Every structure is written in structure tokens, then in C-alpha cells.
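Open the model in your viewer and keep the selection tool at hand.

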Amino acid sequence: HAAMLLVVILKMFFEDRNDPRSCTAFTALGVFISGTAVSAVVGELMYKLPFYLIYAGISALTAYCISSLLTGIQTSRAVDLQGISGLYHALVYIVFAASLCTAAVPAVNAGVVLGAAATLTAAYFYGAGGGVTIGALTVCGAFLSSVSCGLTVVLLPAAGLAAGYLRRRRSVVAAGVFTAVCLASQSVMGVNFGNGAAMLDIIAGAGLFLAVSPFFSDSWIISPANADAGLRELITVRSGFLADSLSTVRDESERIARALAETSTRPTDIADNRRAVCDLCYRKASCWRTSREATLRGFRRLSEMTEVSRENFPYELSDCLRRDDLIDAFSRSNREKASARLMSVKLAENRRSLFEQIKTTEELLTSACTQTPLRSSAAVRGQVSAKLENSGYSPSDIIAGYDSRSRLVIEVYFPAGTSPDSFTRVRDLVSDCLKMQLDMTDPDTSGRAVRVRLTEPAEYVCEVYGAAACAEDNTENGDTFSAFSDGSAQYIILSDGMGSGRRAAFQSRMVVRLFRRLVSAGAGILPAVRLVNSIMFTKSGEETFATLDAVKIGLTDCTLTLVKSGASATLIRHRGSVLKVTAPTFPIGIYESGEAFVSDYDIEDGDIVIMFSDGISENEYLFIKELLLSGDDVRHIVDEICAKAELFDPNIRADDVTVIGIRVCRREKA
């Protein structure tokens, strides 16, 4: 008690009292001074001084370990058993076990009971290695307490080893085998069972395990087992999924190029020149009715010539009255065709180069071995796999682990041809298995596999509402927007195609679809933008482009990321003020190397973000600001902005209008 009082007094006079080094010094001084004082009073100072030096060292080391562990837990929000932190936990566990073994608890030895329960828990959830490790640490603590106590659990690591091989069985089976091995080892060591105390301790420990195991979660434990186990498999599966997605994007871009080449048909030069020259000639009927075949052969020969002159003028057209006009017309069209052929060759080369780059990226991703922020959990993966297989589902891969905030993340992969009709059923089965409510993202496909992601509910949710209006005389809006979530972030994408109508809609849909596919598969935002830009730039010989306006909202940390390529301004209402964000960037598909504007912002509960296409004039911004500051009804704000667009900009030509409102809300606790 005197030592504890001295430690408290010392910590009151120092600002860095929670620093591990300060805790070490205070504890060492407190134990040594109090022990020295007591020894001096009883007259045994010289005899007990060396012992108090040892006690002070042990206490100081324990205090340093405890302080370091508490600091680490506050930082990572989990118990880290890796590296030097694992050594700290081992030392603290030994001291804690020894203290419990010496505690005066009626009927049972608290240290042996908790040590047996901890050993069985480690064996059942982390395998034989976990059981042997915790069993050995428990034995060390028991021997520090007393030799007799240590002898009763000396073969506890052997029981942990046996139970570790039954981790896939029912917990009752593992507990039974563990108890049997412990009791047999006590019999071998000659422990006296007359009073039944030693047997009761082991049985009580097994019972404590059975009571706690249904509620055990490794979300707060970072160990080499769940940090490294399955890491290679996780990387392989994710990289393979992204590589498949890139392959599908490459194939899709080739189909897009062929489709655009087929739809961008132009009249032939023969028909053009016939209308330009022959329609003005009074002998048109004679040439194209009486001598149609000969005239057509002559026009075809002119079309095939690289150079047209009087010397090589076709004899079929020798009677033509507008010979010079035909020579000029076909000379001009042949030059245009030569330029078109050169452009076609250049486009073909660009496509080949692009597709080779994508193919190279696929190969790099397939062999990538980068560190992932997800802490793998073999225990959760095994439970989910068993539950789905028992329910008639056959997933190809399952990834389960915890993110940086210890939120459970589960990814379930199915072959594309055998994916379930209802992924909601999969979510319900997994939720029932883990006894927790899980959120589900929209299924993503890579071409050969379908993935659904299940996550613990995030702290924030997004209310998203959009409204659109077509330009005058158009039946199809040229703008496209999409909203999706990956469980950790909400994405909202808006693209405005060149012009309006069907062709603009085709361009904007292509940008949104490709960008969403890449981001959903795991690609970074900037690489995804560059890849989509390359595809748009090389997809056809005609000038086509579209803007890209994307918003990413973190659902765990409430952060906002804006991505813009030629897009209109974005308005953010935050803490009673409205921020306007613009970016002087070019739309997707104009230049070969596309660069996007990316910027991060801090937001909070109740903030609103407004996105819109270029159909909204800057004259309406003041009106939008007043709407944002006057209420929180996102639907009303968006409808009003869309309805008033024409009133604020009546002078310019009509354009498609799309307005999207996003309101960030803290999730209501169930």
C-alpha cells in the first residue's frame, strides 16, 4: 500500500505521468523506497535490501509493459500481440496469472481457472500454437506463485496442443478433450485428488470457456495468426478479381470501338461527288439512266485513283461535260480518304498500345503482393464458409477480416454462372451465423466472378436524391449518374456527355460504367480516371468526350473526396456556410493524358453536398445557397434547383439538367 501511495504522489507532480518510462521510474522508486523503509523499521534492512531491489525491477518492468500496452490499445483500438508488444503482453500475463494464483478465492484457484480457460480459448480459436503458448505462460505464472500450484498445471501446454487440433469441431468436444488431458496429466504428476480442488479448477476453467466462447470475437486482437494467415490468399483473390475486371473493360472497349465504327457510317465519295457535280448537269438523266453501268464504272475508277488528272481520266466518262469539276471533286475526296486512312492507322496503333497497357496491368495485379489494411480472421472465415455450405451455397472464395477501425468485413465470391439469385439470403445467413446485423453492398462482377461485400454497419449513412430534366425536343437525358457503396465509403458519380440526347447519354453512361467497375474492383481513383480517359480518347475517330464528377464520402471517418474532370462546380454546406469547389480541368476523352482534380474535405453530421451538370447556370448559385441554408430537406432542395434551371438561364440554348443532393447523417443506433 505504501508503494502504491508513493506512485500516485509522484505521478501527481509530473505532466508526462502516463509515459511508459515515467511509470517505470515511479513504480521502481515506490517499491524500493517503501520496502527499504519497512525493512529499516523491523531491523532487517541489510538482509532484505537485495530482495527489494529485485522486486522493484520486476514491478518496474511490469509497469512499463502495462503502460505501453494501454498506449497501444488506445492507438490501434485492439490488443496487438505482434512483435515487442506480444512480449509485453506475455510478461503482464505471467504476472497477472501469478497474482491470481496467490489470491484467496474460496473453493477454487482463480489463476488456474482463468489460465485453463485462456489456454482452451487460444487453442480453439488460434490452433495448437495458441494453446501451447498460453499454456506455457500460465505454467510460468503458476510456478511463480508456488511449486505445488505449478505442478498441477505443468502439462497444460500439452492439453492446449491437443485441443488446438479440434478447433474445427464443436466447442464441447474441444473442452472435453482438454479437460481429459489435463486430468490425466495431473494423475501422471501424482497430484492428490483427495480434496478435488485440482480437478475442480480445470473443470471450472473448461466451463468458463464454454460460457464465453459463443461471445468471443477476435476483432480486438491482432496476432500473427489472424494478421498473416490468409494474407497471400486475400491478395491473390482481390488482385485476380481486379485483373478480371480490367480484362472485361478491355474487351468491352473493343466492342465499343467496333460499335461506334459501325454507327458512324458516312456516305461514299461516289454518292457525294455525284450529288455535287452531276446534279447540276442537264445530261444527268442520260448518263445515269441510259449509260448507268459505264458511268458507274468510271466513277469507281476515279474513286480508286491516288491522283486524278486529264491524262488518266476514265474513258467511260470521255463524253462528260463537267470533267474538270469531277477531277477536282475526286482529287479532294481522295485526299480526305488518305487522311482518314492515316487517322485510322493511328487510332489502331493507339488502341493496340492501350490494350497492351491494360493487359500488362492485369498481369501486374495478378502477381501483386502488397500489404492490405484488412486483418484476416480465419475463425470468422471458417464459420461463414461452414454456414453457407450447409445452406446449399458454394462460394469460390471467402475473405473475412477487420479494417483499421476493427469493423468486420466479409467478401464472398461466387463463379459468375452459379451466383445466387438472392444475395439478401446470403447476408441473412451470415448475419445469423455471426449473431450480428450486417450491411450488404451491391454485387460486383469481374466477368468470371461475382462478389458481394458484407460489413458491420458504419457510423454514417448518406441520403442521396437526384432529379433530371431533358433539353428541349430530346427524349433522353445526356447526363448519367450512379450511386454505390463498398461498405466503407459512398460513391456518387455524375457524367455529362457532349451535347445532348441519345449520343451524349451513350458517352456519359460509358464513363460512369467504366469508372464504377474499376473503383468497385479496387482500383484507385486517379488510375481509374486515367484508364477511362485513355479508353474514351481512343475509342473512335470522331470527337467525343464527357465530364466526370465523382464524390467519395467515408462512412467511418466522415471525410469527403471530390474528383473532377471538366465538371461543373460542387457546393458543400458545412457549419452554416456554403463552399463552392471548382476545378479548371478538361473533360474525359479530349486529351490522351487525362488528369483529374482530387481534393479532400472534412464534413460532419448534417452536411449537404450538391452536384449538377452544366445545364445549371452560375446565375442560380445564389438561389442554391439560400436553399441550402434554409433547410435540410434534400429532396426539396434538388427539385427546386432542377425546376428553376430554365428561369435562371433563359438566353442560352437548352441543355440537359441533372442535380444530385447528398446529405450525411449519423446512423441511428438500434
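A salt bridge here is a side-chain nitrogen of Lys or Arg within 4 Å of a carboxyl oxygen of Asp or Glu. The model you are looking at is predicted. By that rule it holds 18 salt bridges.

**Stop 1: Asp324 and Arg310.** Select both side chains. They form a salt bridge, with N and O 2.8 Å apart. Asp324 belongs to helix α15 (residues 323-366), while Arg310 sits in the loop between α14 (292-304) and α15, so the pair ties together parts 14 residues apart in sequence. Now colour by accessibility. Asp324 has 39% relative accessibility and therefore counts as partly exposed. Arg310, at 48%, also counts as partly exposed.

**Stop 2: Asp432 and Lys387.** Move to this pair next. Their side chains meet in a salt bridge at 3.4 Å, N to O. Asp432 is in helix α17 (residues 423-434) and Lys387 in helix α16 (residues 378-390), so this bridge ties together parts 45 residues apart in sequence. Is Asp432 buried or partly exposed? At 44% relative accessibility, Asp432 is partly exposed. Lys387 comes in at 25%, which also counts as partly exposed.

**Stop 3: Asp272 and Arg275.** Select helix α12 (residues 269-277), which holds both residues. They are three residues apart, about one turn of the helix. Asp272 is partly exposed at 30% relative accessibility. Arg275 is partly exposed at 47%.

**Stop 4: a network.** Select Arg573, Asp632 and Arg663. Salt bridges link these three residues in a network.

**Stop 5: the largest nonpolar core.** In soluble globular proteins, nonpolar side chains tend to be buried together. The largest nonpolar core of this model has 27 residues. Which of them touch the most other members? They are Val511, Phe515, Leu518, Val529, Val532, Leu548 and Ile588. Show the cartoon as well: α11 (231-263), β11 (489-496), α18 (502-521), α19 (525-538) and β12 (548-554) each supply at least two residues of this core.

Centre on Phe515. Leaving aside neighbours within four places in sequence, Phe515 is in contact with Ile493, Ile525, Ala528, Val529, Val532, Leu548 and Ala550.

**Stop 6: a second core.** Finish at a separate core of 25 residues. Select Phe125, Leu166, Ile202 and Ala379, which are among its members.

Definitions and conventions:
Residues numbered from 1 in each chain as written. Predicted model: local features only at pLDDT ≥ 70, side-chain atom pairs only at ≥ 80, totals over all residues. Heavy atoms only, no water. Helix = DSSP H or I, 4+ residues; strand = E, 2+ residues; numbered from the N terminus. Buried < 20%, exposed > 50% of the residue type's maximum accessible area, 1.4 Å probe, protein only. Core = buried A, V, L, I, M, F, W, Y, C linked by side-chain atoms within 4.5 Å. Contact = heavy atoms within 4.5 Å.
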